[in-house]
Amino acid sequence: QVQLVESGGGLVQPGGSLKLSCAVSGTIFMINPTGWYRQAPGRQRELVARIASGGSTDYADSAKGRFTISRDNAKNTTFLQMNGLKFEDTAVYYCHAYIATMSLDDMAEYWGQGIQVTVSS
């Protein structure tokens, strides 16, 4: 059973930093790509950043220059370093990945349970 478990969220003041982690457990053949989405109250879930196994990255315009996504392939863990946090970054952040457990034929989409990030003074 594949699980994505997020950690590192919480309350931070504007301008502060947080680092989110997403650990994938279970039987894994391949993870590609993996990323972070977020959903604020009353808004649709949106992509924040994603990273391929080879290291190529893609960021939402709102995240460029402030957030950095990275991954440790050996530990099946993805990170999101968030700097210069703003009020509008407040949301539930979800880890997301396409994972194959036994072969590329069973690649499927997986989500974490979500973790709250609140930016407030």
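Start at the surface: select Phe29, Met30, Tyr98, Leu104 and Met107, which form a nonpolar patch with about 440 Å² of accessible area together. Patches take residues with over 30% relative accessible area and no salt bridge; nonpolar side chains (Val, Leu, Ile, Met, Phe, Trp, Tyr) are joined within 5 Å, like charges within 9 Å. A salt bridge is a side-chain nitrogen of Lys or Arg within 4 Å of a carboxyl oxygen of Asp or Glu. Areas come from the Shrake-Rupley method with a 1.4 Å probe, and for residues only the protein chains shown count as cover.

The model is predicted: local features need pLDDT of at least 70 and side-chain atom pairs pLDDT 80 or more, while totals for chains, interfaces and linings use all residues. Residues are numbered from 1 along each chain as its sequence is written, and side-chain values use heavy atoms, leaving out hydrogens and water.

Strands are DSSP runs (E, at least two residues), numbered from the N terminus. Leu104 counts as exposed because its relative accessibility is 52%; exposed is over 50%, buried under 20%, partly exposed in between (1.4 Å probe, protein chains only).

Next, select Cys22 and Cys95, joined by a disulfide (sulfur atoms within 2.5 Å) with an S to S distance of 2.0 Å. Cys22 lies in strand 3 and Cys95 in strand 9, 73 residues apart. The link is left-handed, at -85° about the S-S bond. The structure holds 1 disulfide. Cys22 counts as buried, at 0% relative accessibility, and Cys95 is buried at 0% too.

Now show the largest nonpolar core, which has 28 residues; Trp36, Leu80, Met82 and Tyr93 have the most contacts inside it. Elements giving two or more residues to this core include strand 3 (18-25), strand 4 (30-39), strand 8 (77-82) and strand 9 (91-100). Strand 9 gives the most, with 5 residues. Such a core is a set of buried Ala, Val, Leu, Ile, Met, Phe, Trp, Tyr and Cys residues joined through side-chain atoms within 4.5 Å.

Centre on Met82. Beyond neighbours within four places in sequence, Met82 is in contact (heavy atoms within 4.5 Å) with residues including Leu18, Leu20, Phe67, Tyr93 and Val117.

Finally, move to Gln81 in strand 8. Is Gln81 buried or partly exposed? At 25% relative accessibility, Gln81 counts as partly exposed. Leaving aside neighbours within four places, Gln81 is in contact with Ser17, Leu18, Lys19, Arg66, Phe67 and Thr68.

How values were computed: Helices (H or I, at least four residues) and strands (E, at least two) are DSSP runs, numbered from the N terminus.
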